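Thanks for coming. I will go through one structure, part by part, and give the cut-offs as the terms come up. Please look at the display.

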Amino acid sequence: MELILLSNGKTSGDQELLGYAKKQILAVLERRKVAKAILIPYALIRSDYDARARDLESSLGISVTSIHHFDKPAEAIAQAECIIVSGGNTWMLNQMLHEKDLIVPIQRAVREREVPYIGWSAGCNVACPSIRTTNDMPVRSSVVLPSLGLFPVQINPHYIDAHLSGHMGETRDERIAEFCAVNQTESVVALREGSLLQISGTKLRYYSAKDQGFKIFRHGQETTEHVDTAALSELVPFTCC
């Protein structure tokens, strides 16, 4: 498989979409000889699909077409050289993937044809077994449908462990701890801004543009922080580098 799962699309002060991960993404596109990609923009609610495609073309230097232009979306995925899944609202995205019958076509493209999958924020969330660790409001549906399951562990993107003065609600750590308390056999990987997990073949790597680590949450265990994927070796079927 070729997966690049990013916490977010831009870092603070970076005007270029996916700019902080450009080196990793372009290396995959060159190795796989990708000249064009299909954009899945369904997570966008207040943004223009084609504008997002143009931003990606400018950043990555390849042709990008939004899937909404195809009469038969599943056939477009079957012919895709690369699949890019935009951030936005995860509930909206996952619901649309089901309504458009795209779950299995994407799974087959990525697993059987090794089509590169690049997803950030919501696009990262739907690559997990479910979207239960999204930060988004359920604007479209209160039913948690299965998602793509390309990555076997739940991810929480946009992770932040800051404590805001005057904020009386639960912190992100507390929310993730609640998830683990309810789902005691599951783990959560928390990705800070400007970081990503990359699967190439059977190898799993981690990168942070800010030289920060990721956290692993498990029920009944101390939350730990790591700068390489060796800590995930018991949780994933990949070689952790």
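Predicted model: local features only at pLDDT ≥ 70, side-chain atom pairs only at ≥ 80, totals over all residues.

The lining of the largest cavity divides into 4 nonpolar residues, 3 polar and no charged. In that count Ala, Val, Leu, Ile, Met, Phe, Trp, Tyr, Cys and Pro are nonpolar, Asp, Glu, Lys and Arg are charged, and the others, Gly among them, are polar. The lining residues are W91, N94, Q95, I131, S141, V143 and L145. About 30 Å³ of space lies in this largest cavity, and the structure holds 1 cavity of 30 Å³ or more.

The terms, once. On a 1 Å grid over the protein atoms alone, a cavity is a set of points where a 1.4 Å probe fits but cannot get out; a pocket is an open set with protein on both sides within 12 Å along at least five of seven lines; and lining residues have an atom within 4 Å of a point. Grid points are joined across faces, edges and corners, and the volume is the space filled by probe spheres set on the points.

Residues are numbered from 1 along each chain as its sequence is written, and side-chain values use heavy atoms, with hydrogens and water left out.

Now the second largest pocket, with about 150 Å³ of space. A43, L44, I45, R46, S47, G87, G88 and N89 line this pocket. They divide into 3 nonpolar, 4 polar and 1 charged.

Next, the sheet. Strands here are DSSP runs of E, at least two residues, and helices are runs of H or I, at least four, both numbered from the N terminus. Two strands pair if DSSP finds at least two bridges between them. There is an open sheet of 8 strands in the order β3-β2-β4-β5-β1-β8-β9-β12, with mixed pairing. β3 (63-66) and β12 (239-240) stand at the edges with a single partner strand each, so one side of each has no neighbour in the sheet.

L5 has L197 in β8 as its bridge partner. β8 is also antiparallel to β9, over 6 bridges, and Q198 stands opposite R205 in β9. The β8 and β9 hairpin has 2 residues between the strands, and G201 there takes a positive phi near 65°. β9 and β12 pair in the parallel sense over 2 bridges, with K203 partnered by T239 in β12.

Last, two backbone angles. Most residues other than glycine have a negative phi. K33 has a positive one, near 55°, and sits in the loop between α1 (22-31) and β2 (36-40). S121 also has a positive phi, about 55°, in the loop between β5 (117-120) and α6 (122-125). Is each of them buried or exposed? K33 is exposed, at 71% relative accessible area, whereas S121 is buried, at 9%.

Notes
Buried < 20%, exposed > 50% of the residue type's maximum accessible area, 1.4 Å probe, protein only.
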